[in-house]
Amino acid sequence: MKRSIGDNMIPKDWAFERGLDLVKKSGFDGIELWLGDVPWFQMTTTDAEVRELRRKVENAGLVVSNVSTGLHWASPLSARDPRGRAQAARIVERQIETARLLGSDAILVVAGLVTDEVPYNEVYQRCLDALRPLGDTAARAGVKIGCENCNAEQRFLLSPREFWQFLNDVNSPAVGIHLDVGNIHDTGFAEQWIEMHGPRITRIHLKDVLKHRGRSGDQSVYTNLFLGDNNWPAIRAALTKVGYDGWLIAEMEARYRYAPDQQFYDTAQAMDRLISGRL
Amino acid sequence: MGMTRRDFLVTAAGATTSVGGKLRRPAGWVLLDLKGDCLRESVAGYQAALHPRLLSAQLPDLPRCAALIVPGALDISPAVARAIVAALHAGATVILESAAGFIAEQDFRAHRAVLRDALDVHIDAAQQLWPRSVPYVDFGWPYATKLRDFSRVVRLAAQPGAVIASVDGFPVALKRFGPGTLIFLGSPVGPALWSGDAEARAWLSAVLATAS
């Protein structure tokens with residue numbers, strides 16, 4: 001398995017190149033690029049500028065593990081307004097385009113948002129309608145769309161079986177799950193998600209979760225690897241069981257208050273321990 | 001507005017059992033598909049709810065029918081307005097669903113003008129409903145029921161006809177008898193049909209049972 005970390009973890013006042021240098025020195029193999037979340041990678045970033053990002057990544061001795069985005073929280077594929085949905089689909093298309101330019105074969109999509117205004121059945125159907133053609137686009141580009149399980153925040157596809165049925169309904173070999181082992185919170189067990197989705201897992205986000213905390217004020221429910229309640233030996237065993245040998249991508253919500261670079265080193269070392277099974 | 005749901009269902013029982021293939025009424029429901037000028041989800045909703053008894057058509061090939069459904073209209077061209085008027089004059093029931101809450105201000109003014117000039121339907125303004133606490137539109141005809149709102153509605157001005165639905169106390173749908181029966185919906189129902197909402201399907205079934 002290979003280790004990656006998001007470019008949105010790079011301290012805000014750092015240049016991209018400085019961040020890449022830190023990612024490499026701390027022991028990662030690749031970097032996850034977040035479309036729309038960092039100044040160097042926006043919807044307005046041109047193809048030529050994207051190629052330049054790739055050159056910088058490769059010059060640092062890294063590769064791009066995948067293209068993610070947080071833009072779908074504001075522009076979801078499940079929007080009622082057709083113009084909003086068109087914008088959301090365009091974001092996915094740009095992710096696919098840039099993944100190809102960056103030499104990656106995977107993107108992360110937050111598929112839909114259930115709210116008090118937009119109910120579950122609408123979101124489900126709308127996401128199917130959006131992802132079927134986008135799956136065709138992705139397949140033609142040789143890219144896989146990984147729908148992330150953002151269970152608590154999305155209020156959508158809350159159980160592994162529900163997610164499994166959703167992917168069956170999308171019915172595209174280019175659409176799978178970008179599994180976040182921290183997002184499951186107290187609604188289940190990451191190792192069971194891994195078992196159920198096995199070959200459909202496109203990438204894995206790693207973080208730990210404090211199940212007792214829940215979303216409360218400014219206290220993050222998430223924490224660094226091995227500090228929370230995830231059963232890491234079971235997660236590691238499940239990865240072996242299903243033969244997952246792809247990217248593990250660190251996604252830390254809580255950041256070190258001091259010495260932010262130290263979080264990169266600590267996280268990379270924790271990932272080494274997980275991969276080697278020394279738990 | 002005075003009929004209870006139970007009364008209505010008893011009355012309508014001979015005419016209809018459910019929306020879809022089990023309806024016993026003769027065929028005669030036509031959906032006017034405005035293509036890019038309407039909410040596609042609304043079209044899909046009526047088609048799904050009324051399959052296989054619904055005929056989808058486009059101008060100028062619009063057959064005579066007992067009920068004409070115009071789902072999720074964003075832009076109502078003069079030709080579409082004329083087709084609606086013709087259907088009414090032929091005695092049809094017309095369900096005209098406006099999705100004007102989803103169009104730009106300039107287009108909204110044109111939408112409002114067509115409704116006023118061609119159909120004598122007067123709308124006030126588009127309204128964003130959310131945030132709100134209760135996500136339903138209150139329908140009072142053909143029986144009292146609650147259907148999911150679709151985030152944006154058009155408010156109706158005072159005018160002839162019976163108000164059949166309201167949101168937070170202001171009218172958003174009316175029924176008017178003239179030549180034919182016009183049912184104007186300022187809050188789209190089609191997307192709820194599309195998402196499989198059982199109450200929306202039952203409501204549509206009841207409305208169509210009133211179409212001659």
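Me: Is the crossing of H3(B) and H4(B) left-handed or right-handed?

Reply: This is a predicted model. In it, the axes of helix H3 (residues 78-89) and helix H4 (residues 105-119), both of chain B, come within 10 Å and cross at roughly 35°. The crossing of H3(B) and H4(B) is right-handed.

Me: Which residues of H4(B) does H3(B) meet?

Reply: With contact taken as heavy atoms within 4.5 Å, H3(B) contributes B:Ala81, B:Ile84, B:Val85 and B:Leu88. By class, the contact between the two helices has 7 nonpolar residues, with no polar and no charged ones.

Me: What is the volume of the largest pocket, and which residues are the closest to its centre?

Reply: The volume of the largest pocket is about 330 Å³. Its lining counts 22 residues, which divide into 9 nonpolar, 4 polar and 9 charged. The closest to the centre are A:Trp34, A:Trp73, A:Lys207, A:Glu251 and A:Glu253.

Me: How many residues of each class line the second largest pocket?

Reply: The second largest pocket holds about 230 Å³ of space. It is lined by 15 residues, and A:Pro76, A:Ala79, A:Arg80, A:Glu117 and A:Val118 lie nearest its centre. By class, the lining of this pocket has 7 nonpolar, 4 polar and 4 charged residues.

Methods: Residues numbered from 1 in each chain as written. Chains lettered and ligands numbered in written order. Predicted model: local features only at pLDDT ≥ 70, side-chain atom pairs only at ≥ 80, totals over all residues. Heavy atoms only, no water. 1 Å grid on protein atoms, 1.4 Å probe; cavity = no way out; pocket = protein on both sides within 12 Å on 5 of 7 lines; lining within 4 Å. Points joined across faces, edges and corners; volume = space filled by probe spheres on them. Nonpolar A, V, L, I, M, F, W, Y, C, P; charged D, E, K, R; others polar. Axes fitted to C-alpha atoms, helices over the stretch in contact; angles between N-to-C directions. Helix = DSSP H or I, 4+ residues; strand = E, 2+ residues; numbered from the N terminus. Left-handed = near helix turned anticlockwise from the far one by under 90°.
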